[in-house]
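Biologist: I am new to this structure, and I would be glad of a guided tour. Could you take my questions one at a time?

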Amino acid sequence: MAAQKLTQLKERITSLGSLAIAFSSGVDSTFLLKAAHEALGEHALAITAKSSSFPKRELEESISFCKEENIRQIIFTSRELDVKGFRQNPPNRCYLCKKAFLEKVKEIAASHGITHVAEGSNVDDEGDYRPGMKAVAELGILSPLREVGLTKQEIRSLSKEVGLPTWKKPSFACLSSRFPYGEEITEKKLAMVEQAEQLLLELGFAQFRVRIHGAMARVEVLPEDFPKLIQAGNREKITGRFREIGFVYTAMDLEGYRTGSMNEIL
């Protein structure tokens, strides 16, 4: 079934003639970009944002992937903190950011003679609160993975089959999603979250989030990683480094890692 969907995906992309992918180096956009490049060759273009909401390691991974695959990539500086209303972090923050981002992606694509732009959401993304999808619809951005009905697990399985390094990469969302609605988003706070999550990555945690609540960091890890989080050595490293970063308190979320936990209040 998944193989059939992949065939449909490539046929759909081929029919477009040329395609620009909003490329973040995540599991979904990497798989989509790979398929687009195989279907269209030099007529596939990766467009990536350099942003304070986007960890440096993700940007570096996107650059490495495009170089290895010989895929054209355009990198532009995103200034989401300048988008009206974004800093105040309203419930539609993702819509505000996504619309400004995709408008720029469309502009860049058009300047390179490409009329179609796609993003990497899959059918599993239809369940959570995702206001950014409104911007996708309004701007006429394509979602080929959703169109052919690919799930996250199918994308991971197919990615493994074709040798993509992202097949087991943890799910990721922009750093702005770590803030409770209504808490001001600043470049300093985004850097705090990025540094805190980088430490967890270096300590060997795979799937996690560091949610920021004022001076407190709320750490989400998988329940099976609870012992690792509080074991002697790690606990001291985490609390000590988090204080250096700027957090006064560090708390462990007893429910563990889950996507969209900031949406629970809605």
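Predicted model: local features only at pLDDT ≥ 70, side-chain atom pairs only at ≥ 80, totals over all residues.

Biologist: What is the order of the strands in the open sheet of four?

Modeller: Strands are DSSP runs of E with at least two residues, and helices are runs of H or I with at least four, numbered from the N terminus. Two strands pair if DSSP finds at least two bridges between them. β3 and β4 stand at the edges with a single partner strand each, so one side of each has no neighbour in the sheet. The pairing is parallel, and the order is β3-β2-β1-β4.

Biologist: Which residue of β2 is the bridge partner of A20?

Modeller: Strand β1 covers residues 19-22 and pairs with β2 in the parallel sense, over four bridges. Within β2, the partner of A20 is L45.

Biologist: Why is strand β6 described as largely enclosed by the rest of the structure?

Modeller: Buried means under 20% relative accessible area, exposed over 50%, and partly exposed in between (1.4 Å probe, protein chains only). Strand β6 spans residues 216-221, and it is largely enclosed because the number of its six residues that are buried is five.

Biologist: Which residue of β7 stands opposite R218?

Modeller: β6 has antiparallel pairing with β5 (residues 208-213) over six bridges, and there R218 is the bridge partner of R211. With β7 (residues 249-252), β6 pairs in the parallel sense over four bridges. The β7 residue opposite R218 is A251.

Biologist: How far apart are the end C-alpha atoms of helix α3?

Modeller: The expected span is 1.5 Å times one less than the number of residues. Helix α3 has 14 residues (56-69) and should span 20 Å, so the model agrees with that expectation: the end C-alpha atoms are separated by 20 Å.

Biologist: Which elements do the buried residues of α3 pack against?

Modeller: The buried residues of α3 are R57, E58, L59, S62, F65 and C66. Contact here means heavy atoms within 4.5 Å. By that criterion, they pack against α2 (27-40), β2 (44-50), β3 (72-77) and α8 (187-202).

Biologist: Which element gives the largest share of the lining of the second largest pocket?

Modeller: On a 1 Å grid over the protein atoms alone, a pocket is an open set of points with protein on both sides within 12 Å along at least five of seven lines, a cavity is a set where a 1.4 Å probe fits but cannot get out, and lining residues have an atom within 4 Å of a point. Among the lining residues of this pocket are K50, F54, L59 and E194. Both α3 and α8 give two or more residues to the lining. The largest share is five residues, from α8.

Biologist: Which element gives the most to the lining of the largest cavity?

Modeller: The lining consists of L6, K10, F31, K34, A35, E38 and V162. The elements giving two or more residues are α1 (2-16) and α2. With four residues, the one that gives the most is α2.

Biologist: Is S111 buried or exposed?

Modeller: S111 lies in helix α4, residues 93-111. Its relative accessible area is 56%, so S111 is exposed.

How values were computed
Residues numbered from 1 in each chain as written. Heavy atoms only, no water.
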